[in-house]
Amino acid sequence: MEFQIGDAVATPRGNGYINDIIGDQVVVDLIDGDDHREIFSKEDIAPWPE
């Protein structure tokens with residue numbers, strides 16, 4: 001799947017929104033629990049239905 005900045009995604013560390021895409025890495029602003037930003041590979045995330 002082709003992700004875009006602002007897409008809602010599910011990650012191994014919770015749900016969030018894509019902040020940036022750098023090559024195969026995706027920067028996600030997590031919204032579950034403590035709000036923070038983490039980097040994941042594209043294979044580790046999935047679309048999150050809103």
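Tutor: Helices (H or I, at least four residues) and strands (E, at least two) are DSSP runs, numbered from the N terminus. In this predicted model, local features need pLDDT of at least 70 and side-chain atom pairs count only at pLDDT 80 or more, while totals for chains, interfaces and linings use all residues. Residues are numbered from 1 along each chain as its sequence is written, and side-chain values use heavy atoms, with hydrogens and water left out.

Student: Thanks! Which elements does the chain have, from the N terminus on?

Tutor: They run β-β-β-β-β, that is, five strands and zero helices. The radius of gyration (taken over C-alpha atoms) is 9 Å, close to the 10 Å of the globule rule (2.2 Å times the number of residues to the power 0.38) for 50 residues, so the chain is as compact as a globular protein of that length. Along the principal axes, the C-alpha atoms fill a box of roughly 25 × 20 × 15 Å.

Student: How should I read strand pairing, and what order do the strands take in the sheet?

Tutor: Start with the general idea: strands of a sheet pair through backbone hydrogen bonds, either parallel or antiparallel. Two strands count as paired if DSSP finds at least two bridges between them. Here the five strands make an open sheet in the order 4-3-2-1-5, with antiparallel pairing. Strand 4 and strand 5 (46–47) are the edge strands, each pairing on one side only.

Student: What do the turns between strands look like, for example between strand 2 and strand 3?

Tutor: That hairpin has two residues between its strands, and Gly-23 in the turn has a positive phi of about 60°.

Student: Now the inside. Which residues make up the largest nonpolar core?

Tutor: In soluble globular proteins, nonpolar side chains tend to be buried together. A nonpolar core is a set of buried Ala, Val, Leu, Ile, Met, Phe, Trp, Tyr and Cys residues joined through side-chain atoms within 4.5 Å; buried means under 20% relative accessible area, exposed over 50%, and partly exposed in between (1.4 Å probe, protein chains only). The largest one here has eight residues: Phe-3, Val-9, Ile-18, Val-26, Val-28, Leu-30, Phe-40 and Ile-45. Strand 3 (residues 25–30) gives the most to this core, with three residues.

Student: What does Ile-45 touch, leaving aside its neighbours within four places in sequence?

Tutor: Contact means heavy atoms within 4.5 Å. By that rule, and with those neighbours set aside, Ile-45 is in contact with Phe-3, Val-9, Ala-10, Thr-11, Ile-18, Val-26 and Phe-40.

Student: And is Gly-6 buried, exposed or partly exposed, and where does Gly-6 lie?

Tutor: Gly-6 is partly exposed, with a relative accessible area of 43%, and lies in the segment before strand 1 (8–11). Beyond its neighbours within four places in sequence, Gly-6 contacts Tyr-17 and Ile-18. For the chain as a whole, 32% of the 50 residues count as buried.
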